[in-house]
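Let's take a walk through this structure together, one part at a time. Keep the sequence and the 3D view open as you read.

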Amino acid sequence: MLVTYIEAIRQAMDEELARDRNVLLMGEDVGVLGGAFKASTGLQEKHGTDRVVDMPISESLIVGAGVGLAVQGMRPILEMQFIDFISCGFDQIVNSAATLRYRHGGQTACPIVIRGPSGGGVHGGLYHSQNPEAWFCHVPGLKVVAPATAYDAKGLLKSAIRDDDPVIYFEHKFLYRRIKEEIPAEEYLVPIGKAALRKEGRDLTVITYGAPVHAVMKAARDMATEVDIEVIDLRTLLPIDWATVKGSVRKTGKVLIVHEARLTGGIGGEVAARIAQDCFEELDGPVMRLAARDVHTPFAPAMEAYVLPNQEKITEAIRKLAAY
Amino acid sequence: MLIDVVMPQLGESVVEGVVVKWLVEVGQLVAKDQPLLEISTDKVDAEIPSPSGGRVTQILVKPGETVPIQAVLAKIETDPAASRPAAEAAPKWDEETEGFPGHMARTSGPPIPAPPRVEPSILAPPPPPTTGRIRITPVVARMAAEHGLDLSKIPGTGIDGRVTRKDVEGYLDSGQAAPAVSGEVRPDATPAPPKVARAPKIALAEGDQVVPWTPIRKKIAEHMVRSKQTSPHVHIFAEVDMHKVAGVRAKSKKEGVNLTYLPFVIYAAAKALRETPNMNATVSGESTVLKKDIHIAVAVDTEKGLLVPVLRHADRMSLKEISAAMDDFGARAKSGKISPDELSGGTFSITNPGIKGNLFGTPIINQPQVGILRLGQIVKRPVVIEADGEDSIVIRPMMYLGCAYDHRVIDGVAGNGFLYRVREILEAGDFS
Amino acid sequence: MTEQKDRELYRWLRLIREFEDRTSVLDKQGKLMGGVYSGKGQEAVTVGFCHDLRWDDWIFPLHRDLGAFLVKGADPKRLMAQIFGKRDGFAKGKDSYLHGGDLANGIFGATSCLGATLPVAAGMAYKFKIRKEDRVAIAFFGEGASSRGDVHEAMNFAGVHRLPVVFVCENNFYAYSTPNELQFGVDNVADRAVGYGFKGEVVNGNDLHAVMKTAGKAIDRARKGDGPTLVECKTYRYHGHSEHDRADYRSEEEVITWESRDPISLWEIYLEKRKYDIAAIRKETTEEVTRIVEEAVAFADGSPAPEGHEAMEDLYAMPIDMEAL
């Protein structure tokens, strides 16, 4: 069936709410309104006010309550209305949820999913454009995923809900309705911890995730006569599928990492460091990164375009690396 | 028993304390939890309760002195009858016995000095790049070393004339590269190990467990695939009557020495290898290296996986020496104390799957060796023997001994001859 | 109350006191690592709230509520092993003091961000409500933590859904060194309950009778589905914030005044008035609690220390070896 990225998310929640009565959806305006982006349209009507819960504007409570429910064997999906507000629940995520199993010596699981719209390119300004995934990749005990396709959005969310560890699920709002994709009518899962090889190539590898996957794929098609590009969509950012990353690097010898989050302290740094350490003798050029400039994501269109990676910047970076 | 009274760490950041006052004297009897002294730290003043009842035998720190946390302040003899006040000794920070400071938490130690601030030394500017310098990448450096290439002969097409991987591949394909001429056998002339075939994608059902391979598992997997792809294995079997071996075992048991069957097979194999040099060999490229020394690798199952320690000069060892060496390997394998050196250099292998090893098995050759023996289960069977020209049926402990040899190198005569000889030695029962 | 229950409550007060005292002594003897936060003087609060709970109710103790662990059913031996950082502790050595909860007995381990357990308790109470389970959650917090947003967020949510939770503020007048007047502008923390749409009560936290009466009503209310209560217990800690706090921000007079209102002494006076044989009870109880605590120390001492590599366990449901990937 042909679905948008956001419809895939809605379906995943709908199916899991129907499949398992321990699954709940909690967040601001997720009930009657169906979510600020309509990701939960119709879910409260179908699954009840007890299980699709309109929460007060209290991100710390939303995550904390999720931990309390998790201890009782429930599997709450906790929505951040914008992922930019996740910082209000930061303590509950990194100190309460991520340590729950560990500080109890393995006595309990923490099956919660925290999801919400991330990403820029939509003229959202400072508080509706953020990509804070790197903060959470630094936290042991969490898992972090960022789907780029409708297929993955659905399959990864269903896996995240069934996972016994806290999963932070970054959905990219730029993709919500820009992507329409054929997905299977029957049930499927996408495993957490496995990258997707989007395109095979011999000359260089581009490692990316989230919205830039689509720009990178376009570049790979457009530049096919010039350079044979391999594209890896990480999908899971914690834990990263190092086997796929390294296998590709060993083949091509050249790597460009592209992400929309800021350069300094971003996922790209970790990926580059691993490659430099484990694949040094296979490298035929420096590991390069293309990311947002080290500044907040500004509102005015010209400035936003200046800051975020885009099609031209990707093409230019690929060309530079190919020629090295 | 003499026990220590130590300076407690009263606060995570506290590293030392001052002894303010002693409330007891040397020779005094004290009760458990009775205050012994007053201390003062950056954060708190406290009375230190005695860890035990007994007699104070030593006071090691004078009032006013500052000592690190966990430093011994006094000693108490818990059995007062045994105690004699000892002479006062000055406490001393001993790096050798107490370790270096750095374990911030509970290790005793002096405060850690602040690291010094140093000015960067002024370096001469780097010399300008010399023209004609060859610019390469790490992968090109590796390929050049592998193929013995002179990089100055390869035109670079990368930025600033950099020689790229593609340039090297093109150069190699063009046939311009001079072959690496060499009379000696190059160990790296063997083809690159084939990668373990990728498993087909498997749909996971709920409850399925994915167990990623440990590094040792990966190594075993790669090795097994490589061996099967490299060597055409021929498997042969001998049925060995172990009753004389069993007799020797029983005899040595009476002498207090416990021998398993394995040392006998090692002993017999070492002897047979001396007579069949083709089997004691390794393959290097397109040559066979007949090894002078007989080093037998014996597979040992450990918690971490399969380990194969090597028994050096097995042919020079007595049965008891072999047995002792195997016991030693077994013990050290369990505690993980086998050094990497002891795992390499084997010239022939023996694998013993133990009492649950079943009738027989077809072992995989331990590359680059050319042969391997495998012990089967030892089972009592009725067998027909001929004595004084008459056939009779007796009960004997029998074992199937499996052998694999590399048919690239070994032909049937040598391979079968070797195994036949091992059997003869075992059945003859002479292990002196 | 029956004599049996009167004596039982006395036993709990004394066991907690003995456990606290022994822990302080062990710390001074250099046997413990990390922080030790004595709740000596506050025993009546934890006994009063936990004694009549059901085994399937949940408590969310704060960092000073060693007593709550004991009364709710934690094995003293394992609790001591937990404090020793040993493998038999609830956290198997992975975190200190009361951070490792005993989930099988409905005791949740707190983080060091005080008050952060309140949203967790509210979430759990939400589950009790939607599943129509007549269980309650008791969330303890200090008056210092009451300044944190988590406390407000949790109470607000509990008020919205009339959740079966009791918020217990242990007001011991100092958050580390900061006194009440620098912590909040209201007279009592409980005065804030009205802002969340439920009842707030102030009680003498050293008077076990008073605590039990208020706790009983609040717990009943929660169990019957009549919503949360905020109970503020005014009490006092004899020791500093931790064992390495001199606590010279308060006067000796003040400490002595509170020592004269000691919860155990008050209970002994009550037992005497009831004409029980107090001398015999005291002797018997002393022997019993000393033995229990001594056994706990011996067990903790003998429990194996975890090995370094065990640090990598209990992080994820299925182990992930980042270094080997």
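**A guided walk through the chains**

In chain A, P239(A) lies in the loop between β12 (236–238) and α9. Please keep in mind throughout that the model is predicted. The peptide bond that joins L238(A) to P239(A) is cis, with omega at about 0 degrees. Most peptide bonds are trans, and most residues other than glycine have a negative phi.

D29(A) sits between β2 (23–27) and α2 (43–47) of chain A. Its phi is near 65 degrees, a positive value in a residue that is not glycine.

Now zoom out to chain A as a whole. You can find 12 helices and 14 strands in it. Along its principal axes, the C-alpha trace spans about 60 × 45 × 40 Å.

Where they touch, 25 residues of domain 1 of chain A are in contact with 21 residues of domain 2 of chain A. On the domain 1 side, the elements of chain A that give two or more residues are α6 (133–137), β6 (143–145), α7 (150–162) and β7 (167–172). That side is made up of 13 nonpolar, nine polar and three charged residues.

Next, look at where chain A meets chain C. This contact takes 35 residues from chain A and 38 residues from chain C. On the chain A side, the elements that give two or more residues are α3 (59–71), α4 (90–97), α5 (100–103) and α9 (242–252). The largest share comes from α3(A), with nine residues. By class, the chain A side has 13 nonpolar, 16 polar and six charged residues.

Staying with chain C, find helix α2 (residues 43–50) and helix α8 (residues 208–223) of that chain. Their axes come within 8 Å and cross at roughly 35 degrees, and the crossing of α2(C) and α8(C) is right-handed. Which residues meet there? From α2(C) come A44(C), V45(C), V47(C), G48(C) and F49(C), and from α8(C) come L208(C), V211(C), M212(C) and A215(C). This contact has eight nonpolar residues, one polar and no charged ones.

Chain C touches chain B as well, with 13 residues from chain C and 21 residues from chain B. The chain C side of this contact has three nonpolar, five polar and five charged residues.

Our last stop is chain B, where four strands form an open sheet in the order β1-β8-β6-β3, with antiparallel pairing. At the edges stand β1 (2–6) and β3 (29–30) of chain B, each with a single partner strand, so one side of each has no neighbour in the sheet. Five bridges join β1(B) to β8 (residues 72–77) of chain B, and V5(B) stands opposite A74(B) in β8(B). Chain B has a cis peptide bond too, between Q367(B) and P368(B), with omega at about 0 degrees. P368(B) is in the loop between β15 (348–351) and β16 (371–387) of chain B.

Definitions and conventions: Residues are numbered from 1 along each chain as its sequence is written. Chains are lettered from A and ligands numbered from 1 in the order in which they are written. This is a predicted model: local features need pLDDT of at least 70, side-chain atom pairs count only at pLDDT 80 or more; totals for chains, interfaces and linings use all residues. Two residues are in contact if their C-beta atoms, placed from the backbone, lie within 7 Å. Ala, Val, Leu, Ile, Met, Phe, Trp, Tyr, Cys and Pro count as nonpolar, Asp, Glu, Lys and Arg as charged, and the others, Gly among them, as polar. Two strands pair if DSSP finds at least two bridges between them. Axes are lines fitted to C-alpha atoms, for helices over the stretch in contact, and angles run from 0 to 180 degrees between N-to-C directions. A crossing is left-handed if the near helix is turned anticlockwise from the far one by less than a right angle, and right-handed if clockwise.
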